[in-house]
Amino acid sequence: MAEGPEGIGPLPPARPLDAIDQDILRMLQADGRASIRSVAERVHVSRANAYARINRLVEDGVIRGFGARVNHERAGHGTSAYITLQIVQNSWRTVREQLRQLPGASHIALVGGDFDVLLLVHTPDNRALRELVLTRLQAIPEVLGTRTLLVFEEEDLEPQS
């Protein structure tokens, strides 16, 4: 079973998604603030049906939440970097908890290959990035090594409607 949100426990097995569920997901990815009424109209179901489907998608863990897509540069975090980490074997859960606490951390992935963890961070400037890497990351005992890849330009891909 998949792991649920913190403190919730395991999620039930995923149920298959039909074409209407897929349409609802695409619509909510494009506009997480869409009203139940507009979702229902767009996918040609009743409001009650749309509401029930969205609730099921949330309960099943397909929809993990609703949020805003942020322009990090305009929000005062103009420096972005991917940081690769080599960590002590079997320390993923411990390291993950520490990485979650880092200011500006926005994506953490356990990966296979030449490194173990890929971390995306957004910081106000290069000085803050340097501080994050040299003082915070390299102070984690389970982190054996890091490599920082500075992002020159980035673009979030919008879902196809």
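**Close-up views of a predicted model**

**View 1. Arg 37 and Glu 41 pair in helix α2.** Glu 41 is partly exposed, at 47% relative accessible area (buried is under 20%, exposed over 50%, partly exposed in between; 1.4 Å probe, protein chains only). Arg 37 is also partly exposed, at 46%. Their side chains meet in a salt bridge, 3.3 Å from N to O (a side-chain nitrogen of Lys or Arg within 4 Å of a carboxyl oxygen of Asp or Glu). Both lie in α2 (residues 36–43), 4 residues apart, about one turn of the helix. Helices are DSSP runs of H or I with at least four residues, strands runs of E with at least two, numbered from the N terminus. This is a predicted model: local features need pLDDT of at least 70, side-chain atom pairs need 80 or more, and totals for chains, interfaces and linings use all residues. Residues are numbered from 1 along each chain as its sequence is written, and side-chain values use heavy atoms, without hydrogens or water.

**View 2. Asp 23 and Arg 26 form a salt bridge.** The N to O distance is 2.6 Å. The two sit 3 residues apart in helix α1 (residues 19–30), so about one helical turn separates them. Asp 23 is partly exposed at 34%, and Arg 26 at 35%.

**View 3. Arg 100 bridges to Glu 97.** Their closest N and O atoms are 2.8 Å apart. Both belong to helix α4 (residues 92–100). Arg 100 is partly exposed at 41%; Glu 97 is at 32%. The structure holds 8 salt bridges.

**View 4. Ile 54 is buried.** Its relative accessible area is 9%. Ile 54 lies in helix α3 (residues 47–59).
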